[in-house]
Amino acid sequence: DEDTALALGGRLQAAIRRPLEVAGAEYRLTGSIGIALGRGDADSMLAAADAAVYEAKAAGRGRVELRR
């Protein structure tokens, strides 16, 4: 369901935001996540997830957006 999908997106965001140390330097990453829910073939679900990730990027960094 939507709540579960958004919760998973939030957990992924938290993992992405953890500081990453490489060769003594600390890096912080962000990511935009698009989630598609519903029924359909692989192409339509991928298109919905792609649209959702573009909505997330347009809304700002580190966002999770869902499409049905």
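Contact here means heavy atoms within 4.5 Å of each other. This is a predicted model, where local features need pLDDT of at least 70 and side-chain atom pairs count only at pLDDT 80 or more, while totals for chains, interfaces and linings use all residues. Residues are numbered from 1 along each chain as its sequence is written, and side-chain values use heavy atoms, with hydrogens and water left out.

**Exercise 1. Work out the surroundings of Ile33 and Gln13.**

Step 1: start with Ile33. Skip residues up to four places away in sequence, and Ile33 touches Gly9, Leu12, Gln13, Ile16, Val53, Ala56, Arg63, Val64 and Glu65.

Step 2: place Ile33 in the fold. It belongs to strand S3, residues 33–36; helices (H or I, at least four residues) and strands (E, at least two) are DSSP runs, numbered from the N terminus.

Step 3: check the burial. Ile33 has a relative accessible area of 13%, so it's buried. The cut-offs: buried is under 20% relative accessible area, exposed is over 50%, and partly exposed is in between, with a 1.4 Å probe and protein chains only.

Step 4: pick one partner and look at the spacing. Ile33 and Gly9 sit 24 residues apart in sequence, yet their C-alpha atoms are 6.9 Å apart.

Step 5: now go to Gln13, which is part of helix H1 (residues 2–17). With a relative accessible area of 3%, Gln13 is buried too. Beyond its neighbours within four places in sequence, Gln13 is in contact with Gly31, Ser32, Ile33, Gly62, Arg63 and Val64.

**Exercise 2. Describe the chain as a whole: what pattern does it follow along the sequence, and how spread out is it?**

Step 1: count the elements. There are two helices and four strands.

Step 2: read them in order. The pattern along the sequence is α-β-β-β-α-β.

Step 3: compare with the globule rule. The chain's radius of gyration is 14 Å, well over the 11 Å that the rule gives for 68 residues, so the chain is more spread out than a compact globule. That radius is taken over C-alpha atoms, and the rule is 2.2 Å times the number of residues to the power 0.38.

Step 4: look at the box. Along the principal axes, the C-alpha atoms fill roughly 45 × 20 × 20 Å.

Step 5: Of the 68 residues, 21% count as buried. Take the contacts between residues at least 6 apart in sequence, and 48% of them join residues at least 24 apart.

Step 6: finish with the surface. The chain exposes about 5,000 Å², and carbon and sulfur atoms supply 52% of that.

**Exercise 3. Go through the salt bridges: how many does a search of the whole structure find?**

Step 1: get the total. The search finds four salt bridges, each one a side-chain nitrogen of Lys or Arg within 4 Å of a carboxyl oxygen of Asp or Glu.

Step 2: take Arg68 and Glu2, one of the pairs, whose closest N and O atoms are 2.5 Å apart. Arg68 lies in the segment after strand S4 (64–67) and Glu2 in helix H1, so this pair ties together parts that are 66 residues apart in sequence. Arg68 is exposed at 66% relative accessibility, while Glu2 is partly exposed at 32%.

Step 3: turn to Arg63 and Glu65, another salt bridge, with the closest N and O atoms 2.9 Å apart. Arg63 is partly exposed at 35% relative accessibility, and Glu65 is buried at 18%.

Step 4: Arg28 is exposed, at 58% relative accessible area.

**Exercise 4. Find what stands out about the phi of Ala23.**

Step 1: recall the background. Most residues other than glycine have a negative phi.

Step 2: read the angle. Phi of Ala23 is near 50°, a positive value in a residue other than glycine.

Step 3: locate the residue. Ala23 is in the loop between strand S1 (20–22) and strand S2 (25–27), and it's exposed, at 85% relative accessible area.

Key. Areas by Shrake-Rupley, 256 points an atom, 1.4 Å probe, with all protein chains shown as cover.
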